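Visitor: I should like to go through this structure step by step. Please begin with any term that the discussion will require.

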Amino acid sequence: MTEAVIVAYGRSPIGRARKGSLVDVRPDDLAAHVVNKVLDKVPALDPTQIEDLICGCGLPGGEQGHNIGRVVSILARLDVPGVTVNRYCSSSLMTTRMATHAIEAGEGDVFLSVGVECVSRYGSGYPDAPDTYNSKLVPGNTEEYPDVYIAMGQTAENVRIREKISREEMDRFALQSQQRAVQSQDNGFFEREIVPVPLPNGQTFTKDDGPRRNTSLEALAALEAAFRPGGEVTAGNSCPLNDGAAAVVVMSDRRAKELGIKPIARVVSTGLSALEPEFMGLGPIDASKQALKRAKMSIGDVDLVEINEAFAAQVIPSARGIGVDPFSEKLNPHGGAIALGHPFGMTGARILCTLLNGLREKNKSIGLETMCVGGGQGMAMIVERLN
């Protein structure tokens, strides 16, 4: 069977929403810039051979609406179709999965998997006007199932209570994320995956806004609950709101060989899960087990695991649920979303960039990417490093 391989990847630095480096950059322009810079990494590829540009976006409205996938294709000056995919937090992991499936089905040899989210460019907290809200999903609705998109911070409190995760443990994990991210900035790790972004003010954005160099357990412990009176989930042990874009070139192994392009990795398997929306943070457990089963692997076969850090409250039990010590070097060794940020539509592709970069750095082979998904889902992908 034809296999799907990854031949290039890259991401923008991640900006803090509404007050960070990307506040004046449109999401479509940002994604188009990243796409072009990632394509520059594979000069042997004629862009006219690209079958489709598949773009993940968590809240595709406003400036990132109107099928932003096609908008990005045009802005990047590609003669390529474009489509937008929404699986919320895992939207741009889904785009890589879709590209993989198309290649395995024999319906194309080259695809662009893209992800973007610019929360700074939302209107009043949401990318579309308030009167476009789905009335069945607003707080207080009791006519239908009211908690499909319960506030994510509330889901974290629910998971914390059910799984008996302590405040001290959550803050310790958050500190670990910050320290690892700062170290990875300082040693140049992220430079291998980051695409510098020119800003309207003439400067160039090269480094993630998020990591907090001077935080401490004492500072984290002093923060008040952010989502529930008497709760323990705080701004310090949660991911912030962010802006960013990422892109991955997915190709058939046959076409890569024809073009003389050395594959970086191959996609081994994927997994999806569904669970109660109120406990969505535990989605990675079943999704990862499904991906492992399809790959005929156990967690012991995996060298590196990247779990999206929506909240420390859910990463800790999710890691343990798939058999990984959340405080080990096997999990998120370069920090995660608590430090780096979580631009919803970008995150799937961003984590894939960091995972492949990490496998290269450690000279390891098998990586697992997984995340919880708003609305009560989980997603996972296993990749094997080839080059």
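Guide: Two residues are said to be in contact when they have heavy atoms within 4.5 Å. The model under discussion is predicted.

Visitor: With that definition, which residues is Thr 370 in contact with, leaving aside its neighbours within four places in sequence?

Guide: Thr 370 is placed in strand β11, which runs over residues 366-373. Once the neighbours within four places in sequence are left aside, its contacts are Pro 284, Ser 288, Glu 306, Ile 307, Asn 308, Met 379 and Ala 380.

Visitor: Is Thr 370 buried or exposed?

Guide: A residue is called buried when its relative accessible area is under 20%. The relative accessibility of Thr 370 is 0%, and therefore this residue counts as buried.

Visitor: How is Arg 320 classed by its relative accessible area?

Guide: Arg 320 belongs to helix α9, residues 312-322. Leaving aside neighbours within four places in sequence, its contacts are Ile 165, Glu 169, Pro 326 and Phe 327. Because its relative accessible area is 41%, Arg 320 is partly exposed.

Visitor: What distance separates the C-alpha atoms of Arg 320 and Ile 285?

Guide: Along the chain, Arg 320 and Ile 285 are 35 residues apart.

Visitor: How far apart are the end C-alpha atoms of helix α11, and what span should its residues give?

Guide: Helix α11 covers residues 344-362, a total of 19 residues. At 1.5 Å a residue, the helix should span 27 Å. The computed separation of its end C-alpha atoms agrees with this, at 27 Å.

Visitor: How many residues of α11 are buried, and what phi does Asn 363 take?

Guide: The helix is mostly covered, with 16 of its 19 residues buried.

Visitor: Which element gives the largest share of the lining of the second largest pocket?

Guide: The second largest pocket has a volume of about 210 Å³. Two elements, β1 (4-11) and α11, each give two or more residues to its lining. The lining includes Val 7, Ala 8, Tyr 9, Leu 356 and Arg 360. The largest share is three residues, and the element that provides it is β1.

Visitor: By class, what residues make up the lining of that second largest pocket?

Guide: Among the lining residues are Lys 41, Arg 192, Lys 262, Ile 264, Arg 385 and Asn 387. By class, the whole lining comprises five nonpolar, one polar and five charged residues.

Visitor: What is the volume of the largest cavity, and which residues line it?

Guide: The structure holds one cavity of 30 Å³ or more. By class, the lining of the largest cavity has four nonpolar, three polar and two charged residues. The volume of this cavity is about 30 Å³, and its lining consists of Pro 27, Gly 61, Gly 62, Glu 63, Gln 64, Cys 118, Arg 121, Tyr 122 and Pro 127.

Visitor: What is the radius of gyration of the chain, and what does the globule rule give?

Guide: The secondary structure of the chain comes to eleven helices and twelve strands. For 387 residues the globule rule gives 21 Å, and the chain is close to that value, so it is as compact as a globular protein of that length. Its radius of gyration is 19 Å.

Visitor: What percentage of the residues in the chain is buried?

Guide: Along the principal axes, the C-alpha trace spans about 60 × 50 × 45 Å. Of contacts between residues at least 6 apart in sequence, 81% join residues at least 24 apart. Of the 387 residues in the chain, the buried share is 59%.

Key
Residues are numbered from 1 along each chain as its sequence is written. This is a predicted model: local features need pLDDT of at least 70, side-chain atom pairs count only at pLDDT 80 or more; totals for chains, interfaces and linings use all residues. Side-chain values use heavy atoms; hydrogens and water are left out. On a 1 Å grid over the protein atoms alone, a cavity is a set of points where a 1.4 Å probe fits but cannot get out, and a pocket is an open set with protein on both sides within 12 Å along at least five of seven lines; lining residues have an atom within 4 Å of a point. Grid points are joined across faces, edges and corners, and a volume is the space filled by probe spheres set on the points. Ala, Val, Leu, Ile, Met, Phe, Trp, Tyr, Cys and Pro count as nonpolar, Asp, Glu, Lys and Arg as charged, and the others, Gly among them, as polar. Helices (H or I, at least four residues) and strands (E, at least two) are DSSP runs, numbered from the N terminus. Buried means under 20% relative accessible area, exposed over 50%, partly exposed in between (1.4 Å probe, protein chains only). The expected span of a helix is 1.5 Å times one less than its number of residues. The radius of gyration is taken over C-alpha atoms; the globule rule is 2.2 Å times the number of residues to the power 0.38.
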